[in-house]
Amino acid sequence: MCKVKAYFFFYLPILVPNNPHCMSSPSCLNCNTTLDQMARFCPSCGQKTDTHRLTFKHIIHDFFHAFTHADKSIFGLLRDLAIKPGIVAKEYIAGKRKKYFNPFTFFLILAGLFVVSNKYFTSESTPPKPDEAVLARMPTQAARDQYMLFFTRGAEINGFLSRHSNVVSMFAVPVFGFITWLFLRRNKYNFAENITANLMFVSFSNIIFTVLIYPLLGQVRGNAGATYTILTVGIILQMIYLSWCYFQFQPVGGRFRLPKAIGLSVFGLFIWQVVYMLVVSIYIYRDLNFYKIFTRVFS
């Protein structure tokens, strides 16, 4: 009996390649590197040597494996960014890349959900209309024509930025990255490393709007006061989360860590709002009078 078992397992490696679902090869199917007979992974690109044919079973397995595997799963990264965001960023920058789900893929996935939530809950079924009371108070036709022109342009740029909120978030990342690079010099991280850290922070902070703020805005659509209140709450929650991120992102034992973290969070959100308004204002005015939007807001 023992001899039969030995004989069977001796020939098993020869029988396996005949399996129609197996795609073993003397060279890597991904990069054509010659493989050692006993190698399980390609020494050049790291692909498995026993690559199988694709089936629905494998597709489903690989899909759930990519999101739920204990090592570098997206849910693991979500959990860690909720609890220890600054530590996650420092570890990733220090070289622990395999431990975490790719932050760039993470950003793209959450940005997509951010756009879907924004469009589903806050998109208007009818286009916005100019305020007839404002038009009635204008003394000349030229003033009314200018108001209508600015209103149309404002609706266009706000609609564009709303539909492409994922792109807007992408531009927010280097803004926050520059601020942390400028004020957290003790970290000794370069600009690219600060951008990577803020890619994680901004991605997670947008979840606040994706799952909470946008659904609430959908419930109070048309109510300007409630909309303003909900947006303010969303910004405050983002400020609190970013403060937590920047507190942990600083070197342990540093002086004034908490006040500095809060200051960076408030300053970062303020600068980003200014940049956002600047883009809107330049599109609406399209001349050197674009600064007037700021005088109207802060007057």
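Leaving aside neighbours within four places in sequence, which residues is P103 in contact with? In this predicted model, the partners of P103 are Y92, T196, L199 and M200, where contact means heavy atoms within 4.5 Å. Residues are numbered from 1 along each chain as its sequence is written, and side-chain values use heavy atoms, with hydrogens and water left out. Because the model is predicted, local features need pLDDT of at least 70 and side-chain atom pairs count only at pLDDT 80 or more, while totals for chains, interfaces and linings use all residues.

The protein has 13 helices and zero strands; helices (H or I, at least four residues) and strands (E, at least two) are DSSP runs, numbered from the N terminus. Of its 299 residues, 33% count as buried, that is, under 20% relative accessible area with a 1.4 Å probe and protein chains only, against over 50% for exposed and in between for partly exposed. The accessible surface of the protein comes to about 19200 Å², computed by the Shrake-Rupley method with a 1.4 Å probe. Carbon and sulfur atoms account for 67% of that surface. Among contacts between residues at least 6 apart in sequence, 61% join residues at least 24 apart.

P103 itself is found in helix α5, and it counts as buried because its relative accessibility is 0%. The C-alpha atom of P103 is separated by 8.8 Å from that of S203, although the two residues are 100 apart along the chain. S203 has its place in helix α9, and its relative accessibility of 2% means that S203 counts as buried. Not counting residues up to four places away in sequence, S203 touches F106, F107, L110 and N198.

Y92, one of the partners of P103, is among the buried residues of α4. Helix α4 (residues 85-94) is largely enclosed by the rest of the structure, because eight of its ten residues are buried. Those eight are P85, G86, V88, A89, K90, E91, Y92 and I93. What do the buried residues of α4 pack against? They pack against α3 (74-83), α5 (103-122), α9 (191-205) and α11 (224-249). Just after α4, G95 takes a positive phi of about 125°.

The axes of helix α7 (residues 141-163) and helix α12 (residues 257-285) come within 9 Å and cross at roughly 140°. Such axes are lines fitted to C-alpha atoms, for helices over the stretch in contact, with angles running from 0 to 180 degrees between N-to-C directions. The two helices are therefore oblique to each other, a class left over once angles under 35 degrees count as roughly parallel, over 145 as roughly antiparallel and 65 to 115 as roughly perpendicular. In this contact, F150, R153, G154, E156, I157, N158 and L161 in α7 meet Y276, V280, Y283, I284 and Y285 in α12. The residues of the contact divide into eight nonpolar, two polar and two charged; Ala, Val, Leu, Ile, Met, Phe, Trp, Tyr, Cys and Pro count as nonpolar, Asp, Glu, Lys and Arg as charged, and the others, Gly among them, as polar.

Helix α12 also holds G268, which counts as buried because its relative accessibility is 0%. G268 touches F176 and I179, not counting residues up to four places away in sequence.
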